[in-house]
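Trainee: Could you walk me through reading packed helices and a loop residue?
Mentor: Gladly. Here is the model.

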Amino acid sequence: MTLADATVRSGKKSPPDGPPGGQSRPANRNVGAWFLVLPALIPILVLSVGPLLYGIALAFTDAQSGRTRATQWVGGLNFQDLLHDTLFWDSFRIGLLWAVGVTVPQFVLALGLALLLNQKLRLRWLARALAIIPWAMPEVVVGIMWRLVYNPDAGVLNETIRDLGLGDGRDWLTGLATALPAVIVVGIWAGMPQTTVALLAGLQNTPHELHEAAALDGAGAWRRFRTVTWPVLRPVALAITALNFIWNFNSFALVYVLTNGGPGGRTRLPMLFAYEEAFHYGQFGYAAAMGCVMVAVISVILAVYLAGRIGGGEDR
């Protein structure tokens, strides 16, 4: 006699397949997963997605500060005015120069520092700790410190130049030819730690056995780096370079403290320009349109970057 026959004779029904209540377990798991994600999702929606959507809507209005009449919907008028605003496109060009000028040397120097810190050196732990000090400093503090370094009268840089007999120094942050390069140097110094840490983590994932095998085959240091280290490091390098470009393009506090966009707009980044339009001149709608253009540019850069990674077969 089978178990089913015994169940029928005893008058009891066999329990249905699956969990009680007719609900599937995957559905219950999905609901539970959403409850776990919700505490982290709500701040993102409130503090990031919500303001972004509000800013996009504001870009299609004539919102201004201190006006008594209601804000009017103007459609794409702000974007039309933006196309003919040479000051904004000049700031956009400066922003690209700043982002590239900081990101590329920052990566090269951070890669060299990461390779050095990956060696078995004495007091390596101390060197690694000192290397991340700029990362722990707020951008405002970094800006104030470097303003003291660049001070034309008693700054460390000009005093060193005078001591070496190379001249009387100059006013680095107010000179038309030196302001942007001086600010780029500060951006490189301030952003190196996180790039160094990311690259150092990638270097430590490289198997030592591959280096030993390549050395036994007679490969030199450059060949070992090109054939062993770089293939492992390349995904990390691409990711940190893309992120650095985005962060640098959206920089505000560091340049604001150092030069406030001067002299003559030579260091006026797009974020500074939008800030001035919004809070100096009260053109909230126009400034929101600038923000939308910058978000669009960053989105295009991200799309190209992700397409390159997927096309290169790196996301496996």
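We take the helix pairs, then one serine.

Mentor: This is a predicted model, with local features needing pLDDT of at least 70 and side-chain atom pairs counting only at pLDDT 80 or more, while totals for chains, interfaces and linings use all residues. Residues are numbered from 1 along each chain, and side-chain values use heavy atoms, leaving out hydrogens and water.

Trainee: How are two packed helices described?
Mentor: By the angle between their axes and the distance between the axes. Helix α9 (residues 179-204) and α11 pack at about 160 degrees, their axes 9 Å apart. They are therefore roughly antiparallel (angles over 145 degrees).

Trainee: Which residues of α9 and α11 make the contact?
Mentor: Contact means heavy atoms within 4.5 Å. Among them are Q194, A198 and L203 of α9, and V232, V236 and W247 of α11. By class, this contact has 9 nonpolar, 5 polar and no charged residues.

Trainee: At what angle do the axes of helix α4 and α9 cross?
Mentor: At roughly 45 degrees, coming within 6 Å; α4 spans residues 86-117. The contact of α4 with α9 divides into 21 nonpolar, 6 polar and no charged residues.

Trainee: Where does S251 lie?
Mentor: In the loop between α11 (221-249) and α12 (253-258).

Trainee: Does S251 count as buried or exposed?
Mentor: Buried means under 20% relative accessible area, exposed over 50%, partly exposed in between (1.4 Å probe, protein chains only). S251 has 10% relative accessibility, so S251 counts as buried.

Trainee: What does S251 touch?
Mentor: W98, L269 and M271, not counting residues up to four places away in sequence. The S251 side chain also reaches the backbone oxygen of N248 at 2.9 Å.

Technical notes:
Helices (H or I, at least four residues) and strands (E, at least two) are DSSP runs, numbered from the N terminus. A polar contact is a pair of N or O atoms within 3.5 Å; within protein, one must be able to donate a hydrogen and the other to accept it, and residues adjacent in sequence count only if both atoms are side-chain atoms. Axes are lines fitted to C-alpha atoms, for helices over the stretch in contact, and angles run from 0 to 180 degrees between N-to-C directions. Angles under 35 degrees count as roughly parallel, over 145 as roughly antiparallel, 65 to 115 as roughly perpendicular and the rest as oblique. Ala, Val, Leu, Ile, Met, Phe, Trp, Tyr, Cys and Pro count as nonpolar, Asp, Glu, Lys and Arg as charged, and the others, Gly among them, as polar.
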